Amino acid sequence: MATSKEGPERPTERLDIARGLENVPVSAWPPGAEPEPFQYTPDHVAGPGTDIDPTQITFPGCICLKTCLPGTCSCLRHAENYDDNSCLIDTGSQGKCANPVFECNILCQCSDQCKNRVVQQGLQFQLQVFKTDKKGWGLRTLEFIPKGRFVCEYAGEVLGYSEVQRRIQLQTIQDPNYIIAVREHVYSGQVIETFVDPASIGNIGRFLNHSCEPNLLMIPVRIDSMVPKLALFAAKDILPEEELSYDYSGRFLNLMDSKDKERLDQGKTRKPCYCGARSCAAFLPYDSSLYCPLGKSNIS
């Protein structure tokens, strides 16, 4: 876990990284420092090449008048998603795939207090963007976060594959890569791909660093449409002043097939990993499919 030379300051300074667009202000450390400018958005926005508007409501609502329960609520496909403390029930385990989550939406007849409405409630914890020793800017919590609680989204421009390739081709080895590719394997063998880039338009999720032993788990959560919110939940109890991190490769608590492993492990000039974990792989994960010649994909 990265630490700054001086302890974090409670968010009393005026700077709010979230520009007032979150429930809770997001402070920066050290005082007077500010990350590179970007346009803040708490939610996904449609970017070049995408064929679905992430802000469009396309899911029908449930007709539950009281409690939403599995078997009767159309939003709960298999089991309840959250317990009575708003904690994700299935935080996964080694050798098991994370299950997608469907929340109730604005068209549902259930109340705003329905416990199947968690990610849509937004930021609930005091978080702080801070300067690390080796990893640039990072994100940490200023308060205790119990295991299973929703922490934040990874929000930004939702892109088409060709635009992803175009942007990556323009990057140099020194440039940070914010683009994430989320691939969901459906029972029919189909792979649902979602590409998100918060580099220029995004939320605080863009400051999350990689760790080979992360404390956050990314789960695709669908609320209004098939475009998932990339929600990050606490994979364990997280203490105040602890840096927040997730595994960029998606391997954490997820099964990976041979094609996934090959795509992530192919050789290229790799960026060093400074997570400091005992199981550190020494290099940041690398997705070779995003570096193909324009118009050609090795995803199958």
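**Exercise 1.** In which loop is the place of S86? Describe the backbone and the exposure of S86.

*Solution.* The structure is a predicted model, in which local features need pLDDT of at least 70, side-chain atom pairs count only at pLDDT 80 or more, and totals for chains, interfaces and linings use all residues. Residues are numbered from 1 along each chain as its sequence is written, and side-chain values use heavy atoms, with hydrogens and water left out.

Step 1. S86 is found in the loop between β3 and β4; strands are DSSP runs of E with at least two residues, helices are runs of H or I with at least four, and both are numbered from the N terminus.

Step 2. Although S86 is not a glycine, its phi is positive, about 65°.

Step 3. With a relative accessible area of 29%, S86 is partly exposed, that is, between buried (under 20%) and exposed (over 50%), using a 1.4 Å probe and protein chains only.

**Exercise 2.** Identify the peptide bond between W29 and P30 and place P30 in the chain.

*Solution.* Step 1. The bond joining W29 and P30 is cis, with omega about 5°.

Step 1. P30 lies in the loop between β1 (27-29) and β2 (39-40).
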